Amino acid sequence: MPQQMPAHYRWLVALIIGVAPSTQAQNPFVPSADVVFTVRTDHRHYEIGDDITVHYTIKNVSNGPIYVPKAQWDIRCPSNPHLWGVLEDTTGKHFEPGFGGSCMHPNRADQMTISERMQEDAVLLKPGQLVSGSYPLPMSVFGKSLEPGAYRLEAILYGWNLGYSESELTELKTMRAPFLSGESNAVVLIELRNPAKL
């Protein structure tokens, strides 16, 4: 009776003939737990009405490469945010700036394949690598609805959470790495004060 081949030899033979065991890399998306998302602001105190710049870092803490968002907005029109923010006061009330837009002209993203569009919308991070950037949180839109006091600024990182067709998913599986999905949150504590009188 022939002797059974050891498991590590079977895997090597499978790899050589092109039928390697399936791995997670074949899934075009990975969960948000594969990154660490952190934020900070320039100041601890702001006057009511002052816009806040949110500085962020996305770090790949997984064992493989991952595509993460390159900028605050995706390249389609109308755009969806990859990075956003919400204020919460001490009573638990939330204040969130709205967003929206219209497309007056054809968008170049409409002529791209899904892989072309995603690659332009993303940056590839190897394990341990990080990307940093900043985005504005417009506070003037709240007018007089904000009161002086302590607030939690909750920053949100959105991955690619939209639905995709079977053909798009098949195309995405051919990319060099999977894309981040889900969302991650990070919090900064700030204080809002009445504007200084001149």
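**Close-up views of a predicted model**

**View 1. Strands β6 and β7 pair at one end of a five-stranded sheet.** Strand β6 (residues 83–88) and β7 are antiparallel partners joined over two bridges. Pairing requires at least two bridges between two strands, as found by DSSP. Strands (E, at least two residues) and helices (H or I, at least four) are DSSP runs, numbered from the N terminus. Glu-88 has His-94 as its bridge partner in β7. The sheet is open, its pairing is mixed, and its order is β3-β12-β10-β6-β7. β3 (45–47) and β7 (94–95) are at the edges and have a single partner strand each, so one side of each lacks a neighbour in the sheet.

This is a predicted model: local features need pLDDT of at least 70, side-chain atom pairs count only at pLDDT 80 or more, and totals for chains, interfaces and linings use all residues. Residues are numbered from 1 along each chain as its sequence is written, and side-chain values use heavy atoms, with hydrogens and water left out.

**View 2. Thr-90 sits in the loop between β6 and β7.** Thr-90 is exposed, at a relative accessible area of 70%. The classes are buried (under 20% relative accessible area), exposed (over 50%) and partly exposed (in between), with a 1.4 Å probe and protein chains only. Which residue lies 62 positions from Thr-90 along the chain, with 8.2 Å between the C-alpha atoms? That residue is Arg-152.

**View 3. Strands β2, β4 and β9 form an open antiparallel sheet.** The order is β2-β4-β9. β2 (35–41) and β9 (130–137) are the edge strands, and each pairs on one side only. Neighbouring strands are turned by 20° against each other on average, direction ignored. For such angles, axes are lines fitted to C-alpha atoms (for helices over the stretch in contact), and values run from 0 to 180 degrees between N-to-C directions. Seven bridges link β2 and β4 in the antiparallel sense. Thr-38 is opposite Thr-57 in β4. β4 (residues 52–60) also runs antiparallel to β9, with eight bridges between them. Thr-53 has Pro-136 as its bridge partner in β9. Lys-59 faces Leu-130 of β9.

**View 4. Ser-134 belongs to strand β9.** Ser-134 is partly exposed, at a relative accessible area of 44%. Beyond its neighbours within four places in sequence, Ser-134 is in contact with Thr-53, Val-54, His-55 and Tyr-56. Contact means heavy atoms within 4.5 Å. Thr-41 is 93 residues from Ser-134 in sequence, yet the C-alpha atoms are 9.4 Å apart in space.

**View 5. Tyr-67 and Phe-179 form a stacked aromatic pair.** The structure holds seven aromatic pairs. Rings of Phe, Tyr and Trp (its six-membered ring) pair if their centres lie within 6.5 Å; planes under 30 degrees apart are stacked, over 60 edge-to-face, and the rest tilted. Tyr-67 and Phe-179 are 4.6 Å apart centre to centre, with 15° between the planes. Tyr-67 lies in β5 (residues 66–69) and Phe-179 in β11 (residues 179–180), so placed 112 residues apart that the pair links distant parts of the chain. Both Tyr-67 and Phe-179 are buried.

**View 6. Trp-73 and Trp-84 form an edge-to-face pair.** The ring centres are 5.6 Å apart and the planes lie at 70°. Trp-73 is in the loop between β5 and β6 and Trp-84 is in β6, so the pair ties together parts eleven residues apart in sequence. Trp-73 is partly exposed at 31% relative accessibility. Trp-84 is buried at 4%.

**View 7. Ile-190 is part of the largest nonpolar core.** A nonpolar core is a set of buried Ala, Val, Leu, Ile, Met, Phe, Trp, Tyr and Cys residues joined through side-chain atoms within 4.5 Å. This core has 42 residues; Phe-37, Leu-87, Leu-146, Phe-179 and Ile-190 touch the most other members. Outside four places in sequence, the contacts of Ile-190 include Tyr-46, Ile-52, Leu-87, Tyr-151 and Leu-153. In soluble globular proteins, nonpolar side chains tend to be buried together.
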